[in-house]
Amino acid sequence: MATLVNGIDIFKDARQNHYAVGAYNLNNLEWTRAILRAAQETNTPVLVQVSMGAAKYMGGYKFVKDMVMDQIDAMGITVPVVLHLDHGDFDAAMECIRLGYPSVMFDGHKLPTEENYVKTKQIVEAAHARGIAVEAEIGKIGENQDATSGELASVKDAVRFANLEVDMLACGIGNIHGIYPAGWQGLNFERLAEIANAISIPLVLHGGSGIPRDQVERAISLGISKVNINTEFQLAFQQATRKYIEEGRDLDKEHKGYDPRKLLLVGTEAITDSMKEMISWLKTPSISESLQQATIA
């Protein structure tokens, strides 16, 4: 029977020992299987997360939870798996808490700071009563190809939100969701260091796809414990499936190249390969049996 974990001990250990665990977005069944396979083959803990849009596309938060748990059983997954709501609004976070997601993110960055604070507090109280981890966000994360759309998180806000006893904190430090544009100035390590020196909870780097390896590694050394990846895998999937069609493999009637499962398979394998490379960047260690038992929620 599949068991999900809240990941609190894992991310605390990551912060203390200067490594990170990847947080990989689900988009469909193939994404789910590709990510779980990479985690199992590398014997590393994994956080699979679903955005509000992806959950709607796949049929709802309950379906996503059921699918993940079914695949854990079907694939014989033994490494710790955290199921997480990514960038949820207040209602989505509350629904996922009710459904028993072991981890949720309440993203209130669009709200006035005081309202964000009050609602984050409500989410923390509801989640912690059920042993569920909470991630909050301060400072706006930039949007796709717009280096000017983000804002730096303030140290004052970081301390205030940490005092709410959130389990992880996502901070705007020059990072961007999606593809990074030419001329991007890089992460603001000065602000990251200031926040990391002010609070001890695990910090989250959103927009991890496309950041150069040296910057990812430096961010981890300063306190980043969770790195979000989505676009990286979408591009890997795109390139692999495009190659399959451009090579005319879908036209091979003798070997049923038109079977959509064969097209999707090459994309799925590309995601797994890309994730294994990312795990090496993050220096995620193999899971020990003792830590695996300690993290069961």
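Good morning. In this model, eight strands close into a barrel, in the order S1-S2-S3-S4-S5-S6-S7-S8, and their pairing is parallel. Please bear in mind that the model is predicted. On average, neighbouring strands of the sheet are turned by 25° against each other, direction ignored.

Strand S3, residues 81-88, pairs with strand S4, residues 103-106, in the parallel sense over 3 bridges. Gly88 has Phe106 of S4 as its bridge partner.

I turn now to the helices. Helix H4, residues 61-75, packs on the sheet and touches strand S2 (46-51) as well as S3. The direction of H4 makes about 155° with that of S3. Helix H7 lies across strand S5 (133-138) and strand S6 (168-171), and runs at about 160° to S5.

H7, residues 155-162, also meets helix H8, residues 189-198: their axes come within 9 Å and cross at roughly 35°. This crossing is right-handed. Which residues make the contact? From H7 they are Val155, Ala158 and Val159, and from H8 they are Arg191, Glu194, Ile195 and Ala198. They divide into 5 nonpolar, no polar and 2 charged residues.

Finally, the nonpolar cores. In soluble globular proteins, nonpolar side chains tend to be buried together. Here the largest nonpolar core has 80 residues, of which Tyr24, Ile35 and Leu169 touch the most other members. Beyond its neighbours within four places in sequence, Tyr24 is in contact with residues including Ile35, Val46, Val48, Phe233, Met275 and Leu282. Thank you.

Note on methods
Residues numbered from 1 in each chain as written. Predicted model: local features only at pLDDT ≥ 70, side-chain atom pairs only at ≥ 80, totals over all residues. Heavy atoms only, no water. Axes fitted to C-alpha atoms, helices over the stretch in contact; angles between N-to-C directions. Helix = DSSP H or I, 4+ residues; strand = E, 2+ residues; numbered from the N terminus. Left-handed = near helix turned anticlockwise from the far one by under 90°. Contact = heavy atoms within 4.5 Å. Nonpolar A, V, L, I, M, F, W, Y, C, P; charged D, E, K, R; others polar. Core = buried A, V, L, I, M, F, W, Y, C linked by side-chain atoms within 4.5 Å. Buried < 20%, exposed > 50% of the residue type's maximum accessible area, 1.4 Å probe, protein only. Pairing = 2+ DSSP bridges.
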